[in-house]
Amino acid sequence: MSTKPLHPSHPVAAAVARIETELTQAAGVPVWSMAAGEAGEVLEALTRARAQADALLLRVLRQAESVETGLETGATSTTNWWAHRMRMVRRDAHALRRLATQVEAHPAVAEALESGRILTDQARAITDALEQVPADAEAWVLPAATQRMLDLAADHDAKDLRILGRRLLEVIDPATADAEEARRLEAEERAARERVGFGIRDSGDGTMRGWFTLPVAQGEMLRRQVHAIA
């Protein structure tokens, strides 16, 4: 992949240029002389730095979107331009764009990622969990939910956080969780009623064929009746 040197005027651009130079210089340096302890420390430091670099990438991506970077080339979006330029899988580029939007909406998560206290996959799991919080929840609920997820991130990886996040609202605010569950069930029942249908026809060979779409309760009633007839 060809690159061109940065000619920075912004402090962030200057920092990125320095980082790129340092990494390029370190790329060819042998590491065989690293002792076990030092190698472990460097692994930890690089992991934190990777998270910090991702945090900065997400912020710059949002800025690039706001100034419509790449659209002058005819690209349909900044993210599509970026994916094409860097030969990224477009799905992955858009997943990062979505994460950038989510992290921007939760400053405490952004700060944790920028400091290297959480990893990128953890940030994604946390922000996905926070989306469960209803927009009309009381003002204290979202900050409390955010803090709980960040606390859990100190001891759990992204996979665990996704599992724990499924019941986040029940732990933080059981009353709101019950109300949200009731709304969800009502919406499911309403959608099920809208999809209800039943049809049956003679196949002309001594049998009949049919189809149906029913809510669960009515479907169970039909199943019992059909079994009784059979």
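**Helix packing, core and salt bridges in a predicted model**

Good morning. Asp121, Gln122, Arg124, Ala125, Ile126, Asp128 and Ala129 of helix H6 meet Ala158, Leu161, Arg162 and Gly165 of helix H8, where a contact means heavy atoms within 4.5 Å. Helices here are DSSP runs of H or I with at least four residues, strands are runs of E with at least two, and both are numbered from the N terminus.

A word on the basis of these values. The model is predicted, so local features need pLDDT of at least 70 and side-chain atom pairs count only at pLDDT 80 or more, while totals for chains, interfaces and linings use all residues. Residues are numbered from 1 along each chain as its sequence is written, and side-chain values use heavy atoms, with hydrogens and water left out.

H6 and H8 pack at an angle of about 5°, and their axes lie 8 Å apart. Axes are lines fitted to C-alpha atoms, for helices over the stretch in contact, and angles run from 0 to 180 degrees between N-to-C directions. The two helices, H6 and H8, are therefore roughly parallel to each other; angles under 35 degrees count as roughly parallel, over 145 as roughly antiparallel, 65 to 115 as roughly perpendicular, and the rest as oblique.

Next, the chain as a whole. Its secondary structure comes to 11 helices and two strands. Along the sequence, the pattern is α-α-α-α-α-α-α-α-α-α-β-β-α. Of the 230 residues, 26% count as buried, meaning under 20% relative accessible area, with exposed over 50% and partly exposed in between (1.4 Å probe, protein chains only).

Which residues touch the most other members of the largest nonpolar core? They are Ile118, Ile126 and Met149, in a core of 34 residues. Such a core is a set of buried Ala, Val, Leu, Ile, Met, Phe, Trp, Tyr and Cys residues joined through side-chain atoms within 4.5 Å. Elements giving two or more residues to this core include H2 (36-66), H4 (90-105), H6 (120-130) and H8 (158-165). Its largest share, six residues, comes from H7. Leaving aside residues up to four places away in sequence, Met149 touches Ile126, Ala129, Leu130, Leu161, Gly165 and Leu168.

From H2, Leu58, Leu61, Arg62 and Glu65 meet Leu96, Arg97, Leu99, Ala100, Thr101, Val103 and Glu104 in H4.

Finally, the charged side chains. How many salt bridges does the structure hold? There are 12, each a side-chain nitrogen of Lys or Arg within 4 Å of a carboxyl oxygen of Asp or Glu. One of them joins Arg62 to Glu65, with the closest N and O atoms 2.9 Å apart. These residues, Arg62 and Glu65, are three apart in helix H2, which means a separation of about one helical turn. Arg62 is partly exposed, at 23% relative accessibility.

Another salt bridge links Asp92 and Arg91 (3.9 Å, N to O). Asp92 counts as partly exposed at 38%, whereas Arg91 is exposed at 62%. Glu111 pairs with Arg117, their closest N and O atoms being 2.7 Å apart, and Glu111 is partly exposed, with 40% relative accessibility. Through shared partners, salt bridges also join Arg62, Glu65, Arg97 and Glu104 into one network.
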